[in-house]
Amino acid sequence: VTSQPEWLVAPLARSMGASRVIGSRLEVDDAAGTFTGATLADDGHDGQGGDALGRRVRAFAAEAGVDLAKSIAYGNSERDLPLMRVCGKAYAVSPDAAVAVAASENGWQTLRWAEDAERKATRAGELAAEAAAMDAARANGTLQPAYATVTVNGGAVSAKSRAWTVMDPDQYDPENDRRRG
């Protein structure tokens, strides 16, 4: 679920294995074959404050058997509020004013895009070790970019896929943060 246009996000979503994209649907001038610049009124982003996005998410959840009470939403702008309101748990992430107010009214936790110093230092050390291992592999001629792996903190890391690693969606949920042990 995104506030971005469905046609724009759909290729990325397919490549990540998503079964469906629920996003902004742009109005098309059929005669000209171009976008008009407006969104369809039933997509929840019509500026009217309606709950159309929430209805679309609830309909998808009913069709796919998703328990929204067990679902988590993250949002930062007013356009995310319909989704945040239909999920069992919501987090305001570096929110704009409207989401900050809604978070306060609904008891949603507010998160900031800042890591604690310990995690930041650990990550910096991992990146430095990874870079040093990659540099050493390049220097001694053993690096094969498409298949290269390096050892970081005792684990193999693929140089090819490192940038595309998808993190656990609960990584910012303190109640479900598996990294803290």
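1. Basis. The model is predicted, with local features requiring pLDDT of at least 70 and side-chain atom pairs counted only at pLDDT 80 or more, while totals for chains, interfaces and linings use all residues. Residues are numbered from 1 along each chain as its sequence is written, and side-chain values use heavy atoms, with hydrogens and water left out.

2. Nonpolar core. A nonpolar core is here a set of buried Ala, Val, Leu, Ile, Met, Phe, Trp, Tyr and Cys residues joined through side-chain atoms within 4.5 Å. Buried means under 20% relative accessible area, exposed means over 50%, and partly exposed covers the range in between (1.4 Å probe, protein chains only). The largest such core has 17 residues, and Met 84 and Trp 108 have the most contacts inside it. Two or more residues come from each of α2 (52-64), α3 (81-86), β4 (89-93) and α4 (97-106). The element that gives the most is α3, with 4 residues. Helices (H or I, at least four residues) and strands (E, at least two) are DSSP runs, numbered from the N terminus. In soluble globular proteins, nonpolar side chains tend to be buried together.

3. Surroundings of Met 84. Contact means heavy atoms within 4.5 Å. With residues up to four places away in sequence not counted, Met 84 touches Ala 73, Gly 75, Ala 90, Tyr 91, Ala 92, Val 99 and Trp 108.

4. Aromatic pairs. Rings of Phe, Tyr and Trp (its six-membered ring) pair if their centres lie within 6.5 Å; planes under 30 degrees apart count as stacked, over 60 as edge-to-face and the rest as tilted. The count by this rule is 2 aromatic pairs. In one, the ring centres of Trp 7 and Phe 35 are 5.6 Å apart and the planes are at 20°, so this pair is stacked. Trp 7 belongs to helix α1 (residues 6-15) and Phe 35 to strand β2 (residues 34-39), so the pair ties together parts 28 residues apart in sequence. Trp 7 is partly exposed at a relative accessible area of 49%, and Phe 35 is partly exposed at 44%.

5. The tyrosine pair. Tyr 74 and Tyr 91 are also stacked, at 5.4 Å centre to centre with 15° between the planes. Because Tyr 74 is in strand β3 (residues 72-75) and Tyr 91 in strand β4, the pair ties together parts 17 residues apart in sequence. Tyr 74 is partly exposed, at 28% relative accessibility, whereas Tyr 91 is buried, at 3%.

6. Salt bridges. The criterion is a side-chain nitrogen of Lys or Arg within 4 Å of a carboxyl oxygen of Asp or Glu; by this rule there are 2 salt bridges. Arg 56 pairs with Glu 6, with the closest N and O atoms 2.5 Å apart. This pair links helix α2, which holds Arg 56, to helix α1, which holds Glu 6, across 50 residues. Arg 56 counts as buried, at 17% relative accessibility.

7. The other salt bridge. Glu 63 pairs with Arg 20, and their closest N and O atoms are 2.5 Å apart. Glu 63 lies in helix α2 and Arg 20 in the loop between α1 and β1 (26-29), so parts 43 residues apart in sequence are tied together. Glu 63 is exposed, with a relative accessible area of 58%, and Arg 20 is partly exposed, with 39%.

8. Ser 71. What surrounds Ser 71, leaving aside its neighbours within four places in sequence? Ser 71 is in contact with Val 66, Cys 87, Gly 88 and Lys 89. Ser 71 sits in the loop between α2 and β3 and is buried, with a relative accessible area of 16%.
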